[in-house]
Amino acid sequence: MRKVGIMGGTFNPIHNGHLMLAEEAWRQFSLDQVLFMPSGTPYMKADQKVESGQIRAEMTALAIQDKPYFTLSTMEIEQQGNTYTYKTLERLKQENPETEYYFIVGADSLFNMAQWVSPEDIFSNCCILAAIRDDKTVEDMKEQIDLLSQMYNAHIFLMKTMHMPISSSDIRRKVAAGESVEGDVPESVRNYITKRGLYR
């Protein structure tokens, strides 16, 4: 079976932390490919101003253009209404039954997944690759993994990753304040943000 990672997110904008996480998942778990999937209308961020799907997809395409094993998926941004991870995974499994999917998340998401819509369907359609970051220890992560495994028969693996203190909200704040985001995003994305006058 092909092993395909899914790197989902608002990507508003995509940054080097996202790319590092996907690269480590690809390397550590011998994935054939990683799909970068900008979210459509994320129901959990309904109160935030999010750039259009087209703009976020264009930034994502620029960020991954030099990695042949990274691919842009516009599946979610082409959908009408709110997008849900469980529905996306169901569709992917129906269309590609011979593919094994690995959903890449950070520590924050791992601790929130039980509150997502239909977590049992998420866990039944993919393995989870969880990165240790934020303020969570290895012991915290293992406890949460044990809990989710018992509740949902989830298959969750820990990833070893270096900590990159970068967030999309910090990048937006820096751009709005006229500060440099060099090193936070790929140069192609930085040029795109400047050219389009985003986040100002």
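Here are some quick questions and answers on how the labels for this predicted model are reached.

Residues are numbered from 1 along each chain as its sequence is written. Local features need pLDDT of at least 70, side-chain atom pairs count only at pLDDT 80 or more, totals for chains, interfaces and linings use all residues, and side-chain values use heavy atoms, with hydrogens and water left out.

Q: Why is S39 called buried?
A: Buried means under 20% relative accessible area, with a 1.4 Å probe and protein chains only. S39 comes in at 9%, so it counts as buried.

Q: What makes up the surroundings of S39, leaving aside its neighbours within four places in sequence?
A: Contact means heavy atoms within 4.5 Å. On that basis S39 touches G9, T10, R56, E76, I77 and T83.

Q: Where does S39 lie?
A: S39 sits in the loop between β2 (33-38) and β3 (41-42). Strands are DSSP runs of E, at least two residues, and helices are runs of H or I, at least four, numbered from the N terminus.

Q: How many helices and strands are in the chain?
A: Eight helices and eight strands.

Q: What makes the chain as compact as a globular protein of its length?
A: The globule rule is 2.2 Å times the number of residues to the power 0.38, and the radius of gyration is taken over C-alpha atoms. For 200 residues the rule gives 16 Å and the chain has 16 Å, so the chain is as compact as a globular protein of that length.

Q: How much of the chain is buried?
A: Buried residues make up 46% of the 200 residues.

Key. Buried means under 20% relative accessible area, exposed over 50%, partly exposed in between (1.4 Å probe, protein chains only).
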